[in-house]
Amino acid sequence: MPPVFPMLTVLSMFYYMCLRRRARTATRGEMNSRRAIESNTRALPINVEIVQYAKEVLDFSSHYGSENSMSYTMWNLAGIPNVYPSSGDFTQTAVFRTYGTWWDRCPSARLPFKRTPSTFCSQDYVELAFEEPVYPTAVHILETYHPGAVVRILACSANPYSQNPPAEVRWEILWSEAPTKVNGPQARQFTPCIKQINFPTNLIRLEVNSSLLDYYTELDAVVLHGVKERPVLSLKTSMIDMNDIDEDEDEEKFACGMDALNKQFSIVTLREWPTNGYFDKLPYELIQLILSHLTVPDLCRLAQTCKLLYQHCCDPLQYIHLSLQPYWARINDTSLEHLQSRCTLIQWLNLSWTGNRGAISVSGFSRFLKVCGSELVRLELSCGHFLNETCLEVITEMCPNLQELNLSSCDKIPPQAFNHIAKVGSLKRLILYRTKVEQTALLSILNFCSELQHLSLGSCVMIEDYDLIASMMGAKCKKLRSLDLWRCKNITESGIAELASGCQLLEELDLGWCPTLQSSTGCFTNLARKLPNLQKLFLTANRSVCDTDIEELAANCTRLRQLDILGTRMVSPASLRKLLESCKDLSLLDVSFCSQIDNRVVLELNANFPNVFIKKSFTQ
């Protein structure tokens with residue numbers, strides 16, 4: 001009888017390799033001497049699990065609410081639940097700015113960046129701080145309306161309450177998944193299976209994608225479970241899943257690719273083959289076309305294979321359009337320095353979400369633009385909290401051809417810094433959502449940037465007189481096609497009249513939550529008569545909108561595609577029927593909380609106009 005010990009040895013080695021692979025999700029390949037691996041026993045941490053709600057909301061990309069209130073804002077995620085387990089539309093919850101695909105189907109929609117990894121689908125984020133750093137064992141997200149938007153949960157090694165910031169800030173993905181459609185808008189507690197990490201954290205980040213939702217998702221609270229001591233691996237509960245192994249390999253490949261990004265690209269040890277096989281027979285342009293489908297990490301890895309492909313991967317033509325947003329957690333000054341030689345011809349650059357907590361310095365950003373800014377046409381810097389006045393000055397000096405600038409939620413830029421934007425007379429798109437831009441700077445921008453076609457001033461609370469701003473737009477910005485004045489607090493019928501008279505090319509206008517506009521002044525009928533090209537009109541939460549306004553829209557704005565009249569008490573079913581019959585392209589009609597439009601009316605309208613998404617929100 002042959003000995004069985006060799007077979008046992010092989011099986012033991014295989015089992016050990018599987019355990020290492022499984023443990024890597026928590027240790028990133030580093031075996032710790034404190035880990036206990038005991039056969040047929042479960043090693044439990046001796047400390048008790050800590051359960052805590054978020055103490056503070058540190059950062060977020062957008063929210064539905066106002067900067068000066070708590071209703072529908074991200075700040076509602078701090079503390080214990082306000083609504084859960086109730087379902088419905090409640091002001092005490094956290095709500096992001098958009099949902100569905102409606103914002104991608106309007107005149108202000110921007111073209112997507114190519115080469116975005118299929119695994120990156122995040123549209124918004126919120127970062128939450130907790131009192132005690134713990135090794136996470138579970139994360140509970142209390143969703144109270146239209147759940148299913150959360151696509152990624154991350155943990156950070158930095159303690160936001162520490163007096164000594166760490167030399168290196170690490171982010172680890174606890175859980176991620178593609179967007180999924182959840183049946184029904186009812187409340188739920190979402191508890192995904194998270195992986196273990198090898199550092200304690202009290203900073204959790206949620207990333208969301210609302211593209212599959214029928215309405216705004218609403219979050220009530222986040223609960224972090226964890227232990228103070230690092231959990232010990234349990235053989236009984238750690239079953240090996242081959243799918244997990246594949247995911248781990250993908251994450252390691254991604255990490256390797258981004259690590260390569262932060263190393264010198266001049267690899268002197270590349271082997272030079274006598275021939276390059278079929279690549280010698282391909283035209284240079286065709287190889288470039290093939291490589292244009294690779295992501296940035298893939299290009300970095302491919303550049304290390306041979307000198308021919310290194311030459312192709314370093315060609316500036318591969319970096320005409322570059323989005324670094326998917327890699328926000330790994331981009332720093334070193335990354336930008338090594339990309340400089342490749343980005344001398346760059347035209348589109350997306351640095352949104354990058355550089356926070358000291359990853360990108362003002363000097364590092366400035367050096368990059370001084371080398372790579374001359375051809376820039378589009379620059380995305382959403383949520384770039386490292387930006388200051390020096391950065392805006394460098395942008396205006398080094399990017400003479402700039403046409404699109406996104407500073408959405410860059411709330412750390414001081415008010416006086418926005419004056420520099422007026423120097424970029426070629427601007428066609430400017431996004432200043434949730435910034436501290438002041439009236440004087442904005443008037444200067446409007447005066448000198450007469451080519452503007454798309455302008456977002458949503459939630460800009462430091463502007464004192466929007467009528468004056470609207471008057472300047474009407475006088476100077478004749479090419480304006482889309483305008484976002486979401487939660488503008490002081491515009492009146494006078495400003496609307498100036499705007500409608502001067503900007504008659506407008507196709508999109510957001511006047512949601514503008515309380516100083518009253519239908520009785522004729523402002524909405526004036527809009528309908530002066531702006532026949534309107535495709536999107538949001539009059540959200542304006543209770544004065546009436547049948548006359550709807551009938552004027554039906555008569556004059558037949559190209560209308562999206563209309564939001566949430567909250568009005570004065571619109572009847574009869575006027576809506578006229579609108580739907582006249583506006584054949586209408587695809588979105590939000591009549592939530594419209595007192596005369598009950599569920600029976602919505603069902604009837606849906607039956608007669610099946611191509612229109614008619615939304616009726618509710619509160620239980």
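Here is a friendly conversation about the predicted model shown above.

Visitor: What share of the 620 residues counts as buried?
Guide: A residue is buried under 20% relative accessible area, exposed over 50%, and partly exposed in between, using a 1.4 Å probe and protein chains only. By that rule, the buried share of the 620 residues is 54%.

Visitor: Among contacts between residues at least 6 apart in sequence, what percentage join residues at least 24 apart?
Guide: Contact means heavy atoms within 4.5 Å. Among the contacts you describe, the part that joins residues at least 24 apart is 81%.

Visitor: How many salt bridges does the structure hold?
Guide: A salt bridge is a side-chain nitrogen of Lys or Arg within 4 Å of a carboxyl oxygen of Asp or Glu. The number in this structure is 25.

Visitor: Which residue forms a salt bridge with D214, and how far apart in the chain are the two?
Guide: The partner of D214 is K181, and their closest N and O atoms are 3.0 Å apart. D214 sits in the loop between strand 8 (201-208) and strand 9 (218-227), while K181 sits in the loop between strand 6 (171-176) and strand 7 (188-190). D214 is partly exposed at 34% relative accessible area, and K181 is partly exposed at 47%. This pair links distant parts of the chain, D214 and K181 being 33 residues apart.

Visitor: Are E207 and R205 buried or exposed?
Guide: These two residues form a salt bridge, with the closest N and O atoms 2.9 Å apart. Both E207 and R205 are buried.

Visitor: What separates D298 and R301 along helix 4?
Guide: The side chains of D298 and R301 meet in a salt bridge of 2.2 Å, N to O. D298 counts as partly exposed at 27% relative accessibility, and R301 does too, at 28%. Because they are three residues apart in helix 4 (residues 296-302), the separation is about one helical turn.

Visitor: How are helix 13 and helix 14 oriented to each other?
Guide: Two packed helices are described by the angle between their axes and the distance between the axes. Axes are lines fitted to C-alpha atoms, for helices over the stretch in contact, and angles run from 0 to 180 degrees between N-to-C directions; under 35 degrees counts as roughly parallel, over 145 as roughly antiparallel, 65 to 115 as roughly perpendicular and the rest as oblique. Helix 13 (residues 547-556) and helix 14 (residues 573-582) pack at about 10 degrees, with axes 8 Å apart. The two helices are therefore roughly parallel.

Visitor: Which residues of helix 14 meet helix 13?
Guide: Helix 13 brings D547, I550, E551, L553 and A554 to this contact. From helix 14 come S575, L576, K578, L579 and S582.

Visitor: What covers the buried residues of helix 7?
Guide: In helix 7 (residues 362-372), the buried residues are G364, F365, S366, F368, L369 and C372. Their cover includes helix 6 (333-339), strand 11 (348-350) and helix 8 (389-398).

Visitor: Where is the cis peptide bond that ends at P85, and in which loop is P85 found?
Guide: Most residues other than glycine have a negative phi, and most peptide bonds are trans. The bond from Y84 to P85 is cis, with omega near 15 degrees. P85 is found in the loop between strand 2 (56-60) and strand 3 (94-95).

Visitor: What is the phi of F593?
Guide: F593 lies in the loop between strand 20 (588-590) and helix 15 (599-608). F593 is partly exposed, with a relative accessible area of 34%. Its phi is positive although F593 is a residue other than glycine, with a value near 60 degrees.

How values were computed. Residues are numbered from 1 along each chain as its sequence is written. This is a predicted model: local features need pLDDT of at least 70, side-chain atom pairs count only at pLDDT 80 or more; totals for chains, interfaces and linings use all residues. Side-chain values use heavy atoms; hydrogens and water are left out. Helices (H or I, at least four residues) and strands (E, at least two) are DSSP runs, numbered from the N terminus.
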